[in-house]
Amino acid sequence: MTVTHETRDIACPEEIAPVDRANTSAPASNEPAREVENQNDLLEGRVIQVDQPHESGPVDVLAGLAARRQERSPLVPVWLRSRTDALQVLAWQAEHTGYVLAYHTLRLPKYVAKLLARTPVGTWRVLVELISWLFDLEGRPVRRAAVSKEESAEYLALSRQRDNRVRSACSSPRRA
């Protein structure tokens with residue numbers, strides 16, 4: 001257990017509170033907590049061990065399987081076993097679907113207004129990304145640096161790479 005400072009999430013080694021091994025069991029119900037000398041040692045709630053001790057003794061496999069069988073969900077839902085229950089559930093589902101449909105139909109003008117308000121920004125973002133991808137604007141600073149350093153071999157390699165990218169970007173939609 002750690003006691004952390006209010007402004008930090010990670011506890012320092014000095015802030016780790018010692019755990020009294022004799023007092024790690026759960027206290028009796030509604031028993032008042034004992035007074036603590038230091039306010040930093042106060043723990044609220046009860047201490048629960050993370051790794052609970054396993055029951056030692058013979059394990060009854062068949063009893064465990066029988067218990068799991070009791071917990072299984074039925075293959076056919078309970079509401080589908082009788083005609084009246086099935087009709088009631090289907091009627092409720094139809095009413096609920098109608099409600100949801102009416103709810104969103106009434107809000108359709110709001111949805112259209114929000115879509116129209118967001119369309120210019122979305123269109124601009126798509127165009128910027130498309131132009132950046134189409135003309136390989138990402139590699140432009142690298143090519144300019146190669147020119148400014150007067151490294152012709154590097155510039156020619158980058159230029160060929162750009163030409164191949166632009167050529168493949170321009171021709172890929174037509175190949176289909």
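Reply: Happy to! Read along the sequence, this predicted model follows the pattern α-α-α-α-α. The secondary structure comes to five helices and zero strands.

Me: How much of the chain is buried?

Reply: Buried residues make up 6% of the 176 residues.

Me: Why is Tyr-99 called exposed?

Reply: The cut-off for exposed is over 50% relative accessible area. Tyr-99 has 51%, so Tyr-99 is exposed.

Me: And what makes Tyr-103 partly exposed?

Reply: Tyr-103, whose place is in helix H2, has a relative accessible area of 33%. Buried would need under 20% and exposed over 50%, so at 33% Tyr-103 falls in between and counts as partly exposed.

Me: How do you know that the rings of Tyr-99 and Tyr-103 form a pair, and why is the pair called tilted?

Reply: A search of the whole structure finds one aromatic pair. The ring centres of Tyr-99 and Tyr-103 are 6.3 Å apart, and the limit is within 6.5 Å, so the rings pair. Their planes are at 35°; stacked needs under 30 degrees and edge-to-face over 60, so the pair is tilted. Both residues lie in helix H2, four residues apart, about one turn of the helix.

Me: Which residues form the nonpolar patch on the surface?

Reply: Tyr-99 and Tyr-103 turn up again here, with Val-100, Leu-108, Tyr-111, Val-112 and Leu-116. Together these residues have about 650 Å² of accessible area.

Me: Which helix gives the most to the nonpolar patch?

Reply: That is H3, with four residues. H2 and H3 each supply at least two.

Me: What gathers in the patch of positive charge on the surface?

Reply: The patch brings together Arg-107, Lys-110, Lys-114 and Arg-118. Lys and Arg count as positive, so these residues carry like charges. Arg-107 lies in the loop between helix H2 (83–106) and helix H3 (108–134).

Me: Is Arg-107 buried, partly exposed or exposed?

Reply: Its relative accessible area is 30%, and the middle class runs between the 20% and 50% cut-offs, so Arg-107 is partly exposed.

Me: Where is Leu-80, and what makes this residue partly exposed?

Reply: Leu-80 has its place in the loop between helix H1 (61–71) and H2. Its relative accessible area is 45%; exposed would need over 50%, so Leu-80 is partly exposed. The C-alpha atoms of Leu-80 and Leu-90 are separated by 9.9 Å, with the two residues ten apart along the chain.

Definitions and conventions. Residues are numbered from 1 along each chain as its sequence is written. This is a predicted model: local features need pLDDT of at least 70, side-chain atom pairs count only at pLDDT 80 or more; totals for chains, interfaces and linings use all residues. Side-chain values use heavy atoms; hydrogens and water are left out. Patches are made of residues with over 30% relative accessible area and no salt bridge: like charges are joined within 9 Å, nonpolar side chains (Val, Leu, Ile, Met, Phe, Trp, Tyr) within 5 Å. Accessible areas come from the Shrake-Rupley method with a 1.4 Å probe; for residues, only the protein chains shown count as cover. A salt bridge is a side-chain nitrogen of Lys or Arg within 4 Å of a carboxyl oxygen of Asp or Glu. The place of a charge is taken as NZ of Lys, CZ of Arg, CG of Asp or CD of Glu. Buried means under 20% relative accessible area, exposed over 50%, partly exposed in between (1.4 Å probe, protein chains only). Rings of Phe, Tyr and Trp (its six-membered ring) pair if their centres lie within 6.5 Å; planes under 30 degrees apart count as stacked, over 60 as edge-to-face and the rest as tilted.
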